[in-house]
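Dear colleague,

I am handing over the structure we spoke about, and you will find it just below. My notes on what turned up in it follow, arranged by topic.

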Amino acid sequence: MTRASGLQAALIEAIEDEYRARASYAAVLARFGPVQPFATIVQAEGRHVAALAGLLRQHGFAVPPDRFAGRIAAPESLIAACEGGVDAEIANAAMYDRLSRTVKDPAALLIFARLRAASALNHLPAFRACLARAGSGAGSGAGSGAAPRPAASPASGASPLVWAIGLAAAAVLVRALPRKSG
């Protein structure tokens with residue numbers, strides 16, 4: 001496997017995981033309405049897709065189509081959806097850990113680190129808080145997990161501005177990469 005094909009494979013795996021997460025969280029919103037943390041995190045997943053798509057294009061690789069949009073069913077309850085979110089964000093962070101050991105491209109490593117941090121430090125705590133609220137009897141309906149809402153502040157202590165600055169720095173690095181011709 002060449003260096004470029006290894007990078008391409010890693011980027012495609014990453015973007016497909018982000019597509020899957022976005023589609024899963026969108027399915028929850030379609031079934032249960034604009035509930036948190038799904039309403040916020042689905043937007044973040046869109047930004048993750050955009051960052052990876054930009055990096056794929058910068059390296060001259062095709063951006064794969066989103067084969068998950070509209071094809072994932074929502075769980076039966078919001079509790080199950082939050083449990084799925086916990087599992088998905090743990091797996092996402094582990095994927096970025098693994099991919100970071102196989103890639104040498106500095107821009108890809110930076111984006112992987114930022115996306116891993118978003119999963120581990122923002123999304124995962126939000127889904128865990130959703131489970132804690134649902135388990136404490138918040139909302140109505142036994143076992144429905146009704147009315148998950150966002151925590152008062154990001155669990156990581158990092159503001160969205162800090163996260164956005166990191167993504168902006170990654171975008172600058174991506175733009176600085178030499179363009180492939182042909």
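**Aromatic contacts**

Tyr96 is buried, with a relative accessible area of 1%, and Phe112 is buried as well, at a relative accessible area of 0%; please keep in mind throughout that the model is a predicted one.

The search for aromatic pairs gives a count of four. Tyr25 and Phe38 are both buried.
The rings of Tyr96 and Phe112 have their centres 5.4 Å apart and their planes at 45°, and because planes between 30 and 60 degrees apart fall in neither the stacked nor the edge-to-face class, this pair is described as tilted. Tyr96 lies in helix 3 whereas Phe112 lies in helix 4, so the pair ties together parts of the chain that are 16 residues apart in sequence. Returning to Tyr25 and Phe38, these residues form one aromatic cluster together with Phe127.

**Salt bridges**

As a reminder of the background, side chains of opposite charge can pair when their charged atoms come close. Over the whole structure, the search finds six salt bridges, and three of the pairs are described here.

The side chains of Glu16 and Arg67 meet in a salt bridge, with 3.3 Å from N to O. Glu16 sits in helix 1 (residues 3-32) and Arg67 in the loop between helix 2 (38-58) and helix 3 (78-100), so that the pair links distant parts of the chain, 51 residues apart.

Arg31 is partly exposed, with a relative accessible area of 41%, whereas Glu76, at 64% relative accessibility, counts as exposed.

The side chains of Asp97 and Arg116 also meet in a salt bridge, at 2.5 Å from N to O. Because Asp97 lies in helix 3 and Arg116 in helix 4, the pair ties together parts that are 19 residues apart in sequence. Asp97 counts as partly exposed at 29% relative accessibility, and Arg116 is likewise partly exposed, with a relative accessible area of 30%.

**Helix 4**

Helix 4 covers residues 106-135, which makes 30 residues, and from its first C-alpha to its last it reaches 42 Å, close to the 44 Å expected at 1.5 Å a residue. Where does helix 4 bend, and by about how much? The bend is at His123 and amounts to about 30°, with a proline, Pro125, following within four residues.

Definitions and conventions:
Residues numbered from 1 in each chain as written. Predicted model: local features only at pLDDT ≥ 70, side-chain atom pairs only at ≥ 80, totals over all residues. Heavy atoms only, no water. Helix = DSSP H or I, 4+ residues; strand = E, 2+ residues; numbered from the N terminus. Expected span 1.5 Å × (residues − 1). Bend = angle between axes of the 7 residues up to and from the residue. Salt bridge = Lys/Arg side-chain N within 4 Å of Asp/Glu carboxyl O. Buried < 20%, exposed > 50% of the residue type's maximum accessible area, 1.4 Å probe, protein only. Phe/Tyr/Trp six-rings, centres within 6.5 Å; stacked < 30°, edge-to-face > 60°.
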